[in-house]
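Please examine the structure below with its pockets, helices, strands and backbone geometry in mind. The paragraphs that follow take up these topics in turn.

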Amino acid sequence: MYSYLKPLMFSMSAETAHDVTIDGLSALSRLGLFKLLNQARVSDPYECMGLNFPNRVGLAAGLDKNAVAYEAFAALGFGFVEVGTVTPRPQLGNPKPRLFRVPEHKAIINRMGFNNDGVDAMVPRLARRQFDGILGVNIGKNKDTSAEDAYKDYLECLEKVYPYADYVTVNLSSPNTPGLRDLQFGDALKGLLAELKNAQLRLKGETGRYVPMTIKLAPDMAEEDLIGVANQIVEAGLDGIIATNTTIDRTAIAGHPLENEAGGLSGEVLTTVSQNCAKTLVKALDGKIPLIGVGGICDDDSAEERIKAGADLIQIYSALIYEGPGLIKECAKAVKALRDD
Ligand SMILES: Cc1cc2nc3c(=O)[nH]c(=O)nc-3n(C[C@H](O)[C@H](O)[C@H](O)COP(=O)(O)O)c2cc1C
């Protein structure tokens with residue numbers, strides 16, 4: 001099916017194709033017709049962060065930023081879907097064009113800049129949830145919120161999505177919000193993690209539910225920094241790490257006409273970089289908290305490799321654009337087979 005759809009999608013600009021896809025899947029979700037998509041989810045139950053995942057392959061954040069199509073994505077076979085990044089107030093994101101395909105490398109460059117409807121618009125959509133998989137909500141800060149006040153944005157989003165999310169991801173790693181990645185380091189990270197942990201425990205008391213929190217990291221870090229950050233995250237009592245977000249490094253597409261487009265690069269060109277980050281993190285975490293591996297997972301082999309490196313779960317984004325939804329089953333089957341071996 002996707003082999004017929006792909007030429008049509010690729011004849012449109014990347015962002016138009018994205019919007020058409022999300023609008024279509026959103027309509028199916030709203031009408032309750034998402035079951036039409038049913039790809040017979042691979043059953044590979046896995047417990048992680050106290051949650052029961054139907055299988056270990058998830059949709060990475062950024063495709064369903066506004067939580068309008070997660071039911072449809074789940075029906076395509078994902079064991080879990082992460083919506084967002086959502087910010088407290090709605091924002092338009094960066095001027096267009098801001099999304100580029102790099103087909104020669106099966107890659108994507110994006111500088112979307114957290115375009116989203118805001119957390120108050122997202123909450124009722126989360127409340128209407130019907131699907132039985134795991135729903136993650138990825139939270140961020142508004143572009144015009146200062147670094148000193150960033151924690152307030154994260155706390156506001158956490159508080160509002162907490163009753164509906166199975167887990168919450170704190171996104172500190174988008175390259176498209178100026179200063180965001182600085183929150184991954186030193187005292188800024190320490191202060192933010194302490195605020196978030198306090199809020200999580202308070203919300204647990206209020207709701208009677210413990211919602212695990214993960215931190216999403218960038219791949220553009222020296223190995224020793226990555227280890228230091230991982231240690232801080234464990235010490236602060238967070239529940240997991242998601243690695244990685246997109247890279248700002250352009251080595252992998254050097255010489256390509258789009259090389260100098262600003263933004264984050266993702267897709268096959270990220271496989272090795274994210275795989276290496278996963279190995280470093282797994283070693284540093286030493287089983288204390290789980291790792292969700294993302295970045296360049298594009299076929300059964302790369303899915304298998306990430307799990308073999310020690311990731312508990314994996315997520316996909318860019319390869320879905322190039323390979324279509326059949327990839328979900330391919331990866332879920334490969335990961336399941338590792339356990340059957
Ligand atoms: C167009 C686009 C938008 C994205 N938006 C977000 C986002 O809002 N929040 C986030 O945490 N990650 C976002 N990401 C990063 C992905 O979730 C993922 O970490 C990254 O693309 C690497 O995985 P991949 O190689 O499978 O695409 C985005 C990626 C793309 C391509």
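The lining of the second largest pocket comprises 5 nonpolar, 5 polar and 8 charged residues. In this classification Ala, Val, Leu, Ile, Met, Phe, Trp, Tyr, Cys and Pro are nonpolar, Asp, Glu, Lys and Arg are charged, and the others, Gly among them, are polar. The pocket holds about 330 Å³ of space, and of its 18 lining residues those closest to the centre are His-18, Asp-19, Asn-66, Asn-115 and Asp-117. A pocket is here an open set of points, on a 1 Å grid over the protein atoms alone, where a 1.4 Å probe fits, with protein on both sides within 12 Å along at least five of seven lines; lining residues have an atom within 4 Å of a point. Grid points are joined across faces, edges and corners, and the volume is the space filled by probe spheres set on the points. The model is predicted, and local features need pLDDT of at least 70, side-chain atom pairs count only at pLDDT 80 or more, while totals for chains, interfaces and linings use all residues. Residues are numbered from 1 along each chain as its sequence is written, and side-chain values use heavy atoms, with hydrogens and water left out.

Two helices illustrate the packing of the fold's elements. Helices (H or I, at least four residues) and strands (E, at least two) are DSSP runs numbered from the N terminus. Helix H5 (residues 150-161) has 12 residues and spans 17 Å from its first C-alpha to its last, close to the expected 16 Å; the expected span is 1.5 Å times one less than the number of residues. Its buried residues are Ala-150, Asp-153, Tyr-154, Leu-155, Cys-157, Leu-158 and Val-161, where buried means under 20% relative accessible area, exposed over 50%, and partly exposed in between (1.4 Å probe, protein chains only). These residues pack against strands E4 (80-86), E7 (134-139), E8 (167-171) and E9 (213-217), and against helices H4 (119-127) and H6 (186-207); contact requires heavy atoms within 4.5 Å.

Leu-189, Leu-192, Leu-193, Leu-196, Lys-197, Ala-199, Gln-200 and Leu-203 are its buried residues. An α-helix has 3.6 residues a turn, so residues three or four places apart point the same way. The buried residues of H6 pack against H5, E8, E9 and helix H7 (223-235). After H6 comes Gly-208, with a positive phi near 75°.

Strand E9 is largely enclosed by the rest of the structure, because 5 of its 5 residues are buried. Met-213, Ile-215 and Leu-217 cover one side, and Thr-214 and Lys-216 the other. E8 and E9 run parallel and are joined by 4 bridges; strands pair if DSSP finds at least two bridges between them. Val-168 has Met-213 in E9 as its bridge partner.

Strand E6 (residues 107-110) is likewise covered on both faces, with Ala-107 and Ile-109 buried on one side and Ile-108 and Asn-110 on the other. E6 is joined by 4 bridges to strand E5 (residues 99-102), and the two run antiparallel. Within this pairing, Leu-99 stands opposite Asn-110. The two strands form a hairpin with 4 residues between them, and Lys-106 in the turn has a positive phi of about 45°. E6 also pairs with strand E11 (residues 264-267) in the antiparallel sense over 4 bridges, where Asn-110 stands opposite Gly-264.

What is Ser-318 in contact with, leaving aside its neighbours within four places in sequence? The partners are Ile-108, Ser-266 and Gly-267. Ser-318 lies in helix H10 (residues 318-323) and counts as buried because its relative accessibility is 6%.

Most residues other than glycine have a negative phi, and most peptide bonds are trans. Phe-114, although not a glycine, has a positive phi of about 55°; Phe-114 lies in the loop between E6 and H4 and is buried, with a relative accessible area of 4%. Asp-286 has a positive phi of about 50° and lies in the loop between helix H8 (271-285) and strand E12 (291-294), where it counts as exposed at 58% relative accessibility. The peptide bond from Gly-84 to Thr-85 is cis, with omega near 15°, and Thr-85 belongs to strand E4. Ala-243 and Thr-244 are also joined by a cis peptide bond, with omega about 15°.
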